[in-house]
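Let's take a friendly walk through a protein model, looking at its rings, charges and helices. Please have a look at the picture first, and then read on.

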Amino acid sequence: MKKLFSIVLVLAMVLACSAALAEPVTLTYAEVNPVPATAEENAEKGSVVSDVAWAFKTKLEELSGGEILVDLQGGGVMGDEKTVLSNIFSGDTSLDIVRISAFALNQYGAEKSVFLTLPYVFASEEHYWNFVKSDLAKEMLAEAKEKGMPVTGLAYGEEGFRHFFFRDEVSGIDDLKGLKIRVSDDPIMTGMVSGLGAAATTVSFGELYSALQTGVVDAAEQPITNYLSNSFQEVAPYMLKDGHTLGTIELIATDSCFAKLSEEQQAMVQEAADYAMAECEKSVISRQEAAQQTLIDGGATIIEVEDKTPWQEATKDVLNANIAGMEELYDQIMALQ
């Protein structure tokens with residue numbers, strides 16, 4: 001009996017040592033915007049999306065007790081959004097968690113996500129967060145997986161309303177006519193820019209600074225925090241705060257990510273994503289206000305658009321074309337104001 005007890009004890013010790021020596025799982029997190037290297041640096045110089053990245057990393061590592069580590073890859077080093085998604089859908093397993101524009105999966109068949117990029121759908125950030133906390137948001141997050149995509153929608157957030165910024169001085173909507181305005185490879189943004197009388201010009205995000213600097217494009221659009229964090233004010237110092245769309249964001253987990261995690265760990269990933277977006281809601285207003293003050297202090301010109309009626313009229317065709325057949329869902333979203 002003693003001998004048996006000793007064997008059992010030795011086996012238990014071996015198993016305990018093996019568990020202690022087991023390597024933690026490392027998840028690669030991709031973000032197209034800069035992500036400061038430390039949490040302290042992020043608190044001082046970060047943006048809304050870097051806040052989301054650091055909140056997710058910190059919470060997941062805490063929840064897992066160090067069993068899961070998160071490798072933050074910012075600044076588009078894993079590729080721009082289009083490239084990253086194309087790679088994932090082509091079978092690339094190098095990415096685990098990706099922060100995307102919330103409408104990015106629309107081109108792969110997530111039809112309902114179109115509402116997250118249409119002009120002037122959300123009247124305010126409060127309106128948007130009412131949506132995020134609704135059953136409608138849960139339905140839309142689930143759409144990608146239901147349609148067989150190799151990703152799981154985790155949570156929605158936002159990085160502030162998107163505004164146009166320019167190389168040369170502008171004063172209003174009429175100044176957009178004939179300008180070359182950078183867009184991503186997105187038919188809705190292309191249609192919106194065309195409705196405003198400008199020429200939509202596709203440029204990858206990683207090349208945008210250079211394109212503005214050299215005059216390949218005359219203008220672009222981003223949330224004000226990304227405008228600052230990417231130093232676009234250095235080459236395009238004039239911003240019209242028209243708030244044409246809200247910078248809605250989404251965290252997704254790839255199938256290859258979940259394949260290497262237990263169900264318990266997958267639940268931790270979901271909890272960390274929910275936490276990150278709750279932190280996003282807290283930080284988004286203060287980040288925007290701080291960014292605007294920094295830009296003004298640095299010499300950028302920020303013009304508030306007081307009357308958005310002409311902008312809404314100019315872009316109503318692209319709105320109506322994209323809600324066709326989904327008017328009931330549109331009405332449900334608008335009712336959340």
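In which kind of crossing, left-handed or right-handed, does helix 3 pass helix 11? The crossing of these two helices is right-handed. Keep in mind as you read that this is a predicted model.

**Two helices that meet**

Two packed helices are described by the angle between their axes and the distance between the axes. Here, the axes of helix 3 and helix 11 (residues 263–297) come within 8 Å and cross at roughly 145°. What kinds of residues make up the contact of helix 3 with helix 11? There are 15 nonpolar residues, one polar residue and five charged ones.

**Rings that pair up**

A pair of aromatic rings is described by the distance of the centres and the angle of the planes. The model has 12 aromatic pairs, and two of them are set out below.

| Pair | Arrangement | Centre to centre | Angle between the planes |
|---|---|---|---|
| Tyr 29 and Phe 56 | tilted | 5.7 Å | 45° |
| Phe 164 and Trp 311 | stacked | 6.3 Å | 20° |

Where do the partners of the pair Phe 164 and Trp 311 lie? Phe 164 is in strand 4 (residues 151–166) and Trp 311 is in helix 12 (residues 309–314), so their pairing ties together parts that are 147 residues apart in sequence. Phe 164 and Trp 311 are both buried.

The pair of Tyr 29 and Phe 56 also links distant parts of the chain. Tyr 29 belongs to strand 1 (residues 25–30), while Phe 56 belongs to helix 3 (residues 48–63), and the two are 27 residues apart. Are Tyr 29 and Phe 56 buried or exposed? Both of them are buried.

Rings can also gather in a group: Phe 122, Tyr 128, Trp 129, Phe 131 and Tyr 156 form one aromatic cluster.

**Charges over rings**

Which ring has the charged end of Lys 59 sitting over it? It is the ring of Tyr 275, with the charged end 4.9 Å from the ring centre. Likewise, Lys 308 has its charged end over the ring of Phe 161, 5.7 Å from the centre of that ring.

**A stop at Ala 142**

Ala 142 is found in helix 6 (residues 135–146). Why does Ala 142 count as partly exposed? Its relative accessible area is 27%, and partly exposed covers the range between under 20% for buried and over 50% for exposed. From Ala 142 to Leu 116, the separation is 26 residues in sequence and 15 Å in space, C-alpha to C-alpha.

Conventions:
Residues numbered from 1 in each chain as written. Predicted model: local features only at pLDDT ≥ 70, side-chain atom pairs only at ≥ 80, totals over all residues. Heavy atoms only, no water. Phe/Tyr/Trp six-rings, centres within 6.5 Å; stacked < 30°, edge-to-face > 60°. Helix = DSSP H or I, 4+ residues; strand = E, 2+ residues; numbered from the N terminus. Buried < 20%, exposed > 50% of the residue type's maximum accessible area, 1.4 Å probe, protein only. Lys NZ or Arg CZ within 6 Å of the ring centre and 35° of its normal. Axes fitted to C-alpha atoms, helices over the stretch in contact; angles between N-to-C directions. Left-handed = near helix turned anticlockwise from the far one by under 90°. Nonpolar A, V, L, I, M, F, W, Y, C, P; charged D, E, K, R; others polar.
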